[in-house]
Amino acid sequence: DGGITQSPKYLFRKEGQNVTLSCEQNLNHDAMYWYRQDPGQGLRLIYYSQIVNDFQKGDIAEGYSVSREKKESFPLTVTSAQKNPTAFYLCASSIGRGLRTYEQYFGPGTRLTVT
Amino acid sequence: GQQVMQIPQYQHVQEGEDFTTYCNSSTTLSNIQWYKQRPGGHPVFLIQLVKSGEVKKQKRLTFQFGEAKKNSSLHITATQTTDVGTYFCAVWHFKAAGNKLTFGGGTRVLVKP
């Protein structure tokens with residue numbers, strides 16, 4: 001089955017630790033995205049990448065870092081500099097670039113709790 | 001980038017009734033998409049609108065893009081418990097560095113049986 005996988009589903013960390021969230025897709029999509037969702041809120045864009053070895057900051061990139069070494073993988077690191085890291089993190093992908101709109105596919109998400 | 005505001009933020013609906021949720025922008029939109037997120041789940045794409053005045057239907061769901069392309073609506077008839085969830089509108093922005101999708105705050109729908 002084609003799709004996006006995120007692991008783990010639930011993640012618990014102590015304050016001051018960096019943590020990396022996994023996102024893998026086998027849809028052969030060029031573009032990948034990371035969103036943060038707080039309880040009862042909408043989705044806010046953290047980082048996005050249109051091609052391998054290139055990525056752009058979204059609206060709330062501070063305290064986060066990403067890499068895009070492979071087309072299928074776009075891991076997100078939540079650093080200790082992120083002041084309020086507890087949230088639901090969603091990874092998404094879409095076909096790609098150009099002046100066209102595409103459906104965005106989402107992974108099941110990772111719920112991160114930092115205490 | 002273009003911001004979209006969704007109203008209402010919450011919608012409590014009696015099962016069997018109709019309701020409408022709205023997505024508004026202060027600027028002209030080139031496109032709009034709608035997604036649904038079930039409680040505890042992830043957003044799932046529903047529809048895309050790009051033409052002025054466009055209307056699309058999916059069973060009991062009717063989506064409309066305003067004539068001025070500054071607003072969109074989602075109307076659900078005969079609401080069922082399966083309609084529970086949060087409905088988001090979203091707009092694609094095109095940039096040389098890459099395209100990105102901006103989401104509205106969502107309308108949370110609760111259905112009373």
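A pocket here is an open set of points on a 1 Å grid over the protein atoms alone, with protein on both sides within 12 Å along at least five of seven lines. Its volume is the space filled by probe spheres set on the points. In this predicted model, local features need pLDDT of at least 70 and side-chain atom pairs count only at pLDDT 80 or more. Residues are numbered from 1 along each chain as its sequence is written, and chains are lettered from A.

Let us start with the largest pocket, which holds about 350 Å³ of space. Among the 24 residues that line this pocket, A:Gln37, A:Pro39, A:Gly40, A:Arg111 and B:Gly40 are the closest to its centre; a lining residue has an atom within 4 Å of a point.

Now turn to chain B, where 5 strands (DSSP runs of E, at least two residues) form an open sheet in the order E1-E3-E8-E7-E6, with antiparallel pairing. Two strands count as paired if DSSP finds at least two bridges between them. At the edges lie strand E1 (5-7) and strand E6 (55-58), each pairing on one side only. Strand E1 of chain B is joined to strand E3 (residues 19-24) by 3 bridges, and B:Ile7 stands opposite B:Tyr22 in E3.

Finally, look at strand E8 (residues 71-76) of chain B, where you will find B:Ser73. B:Ser73 counts as buried because its relative accessibility is 14%, and buried means under 20% relative accessible area with a 1.4 Å probe, protein chains only. Leaving aside neighbours within four places in sequence, B:Ser73 is in contact (heavy atoms within 4.5 Å) with residues including B:Tyr22, B:Trp34 and B:Phe63.

Terms used: Heavy atoms only, no water. Helix = DSSP H or I, 4+ residues; strand = E, 2+ residues; numbered from the N terminus. Buried < 20%, exposed > 50% of the residue type's maximum accessible area, 1.4 Å probe, protein only. 1 Å grid on protein atoms, 1.4 Å probe; cavity = no way out; pocket = protein on both sides within 12 Å on 5 of 7 lines; lining within 4 Å.
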